[in-house]
Amino acid sequence: MMAAVLDVMAWASIVAGLFFMLVGTIGVLRMPDVYTRLHAAGMTDTMGAGLLLFGMALHTITGMMNGQGHWWTVLVRLAFIYGFLLFTSPIATHALARAGLAGGVEPWSNEKGDQP
Amino acid sequence: MFVVATAGILVAMALALVRALLGPTVYDRVLAVNTFGTKTVLLIASVGFLTGRPEFLDLALVYALMNFIGTIAVLKFFEFGDLGLTRHVAREVE
């Protein structure tokens, strides 16, 4: 019973993570300039990756209930991957925006009449 | 479950590659490669669960760190034209 509920939760969180990931990537494709694209890419890194890794963790816990061994090392690795993404993604986004400004990319603006 | 996850991540990677090929400025390409790297981490983890070998998560961990270092190095090169100089030192050199 408990394992079935956890399995459904793992499914739901993986599907939600895929949804956020696809939406963020479509945003990277369709947004008008670098800075707006950074916004879409940041959503992919937090929500998409977070929900996918959470679903994998729930799947691992379901496996533990079915009697699989060394489940906690898998959980620790998943937590480490999420922790690294949590630190590296904002730093990379910040560095990218700073490099773009230093490189002379003008932010897109509706007032200038730019077309998206 | 992980067949769906792997397929979805592959579709997202293909879309990111389209942006890397199109991207008008070099920063668009770096952004696309960075998101591609993040998706690669998730793809490795997902394939690990798909084949029943969660030990693949170690590879994903290493790839996450390498992807970050690579992005920062490329960006520093584009911002300063040099991997060793900071902005302060670059001004003094000028």
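The model is predicted. In it, 37 residues of chain A touch 36 residues of chain B. The helices α2(A) and α2(B) pack against each other with their axes 11 Å apart.

**The side of chain A that touches chain B**

- Three helices of chain A, α1 (2–30), α2 (34–65) and α3 (71–102), each contribute at least two residues to the side that touches chain B.
- The largest share comes from α3(A), which supplies 15 residues.
- Sorted by class, this side of chain A holds 27 nonpolar, 6 polar and 4 charged residues.

**The pair α2(A) and α2(B)**

- In chain B, helix α2 spans residues 26–50, and the angle between this helix and α2(A) is about 5°.
- Angles under 35 degrees count as roughly parallel, and α2(A) and α2(B) are therefore roughly parallel to each other.
- From α2(A), the contact is made by V34(A), R37(A), L38(A), A41(A), T44(A), D45(A), A49(A), L52(A), M56(A) and H59(A).
- From α2(B), the residues that take part are Y27(B), D28(B), L31(B), T35(B), T38(B), L42(B), A45(B) and F49(B).

**L29(A)**

- L29(A) is part of helix α1 of chain A.
- Within 10 Å of L29(A) there are 16 other C-beta atoms. A residue is buried at 20 or more and exposed at 12 or fewer, so L29(A) is classed as partly exposed.
- With neighbours within four places in sequence left aside, the contacts of L29(A) are L15(B), V18(B) and R19(B) of chain B.
- A10(A) is 19 residues from L29(A) in sequence, and the C-alpha atoms of the two are 29 Å apart in space.

**Chain B**

- Chain B contains 4 helices and 0 strands.
- Read from the N terminus, the order of its elements is α-α-α-α.
- Of the 94 residues in chain B, 37% are buried.
- Taking contacts in chain B between residues at least 6 apart in sequence, 40% link residues at least 24 apart.

Terms used
Residues numbered from 1 in each chain as written. Chains lettered and ligands numbered in written order. Predicted model: local features only at pLDDT ≥ 70, side-chain atom pairs only at ≥ 80, totals over all residues. Contact = placed C-beta atoms within 7 Å. Nonpolar A, V, L, I, M, F, W, Y, C, P; charged D, E, K, R; others polar. Axes fitted to C-alpha atoms, helices over the stretch in contact; angles between N-to-C directions. Parallel < 35°, antiparallel > 145°, perpendicular 65-115°, else oblique.
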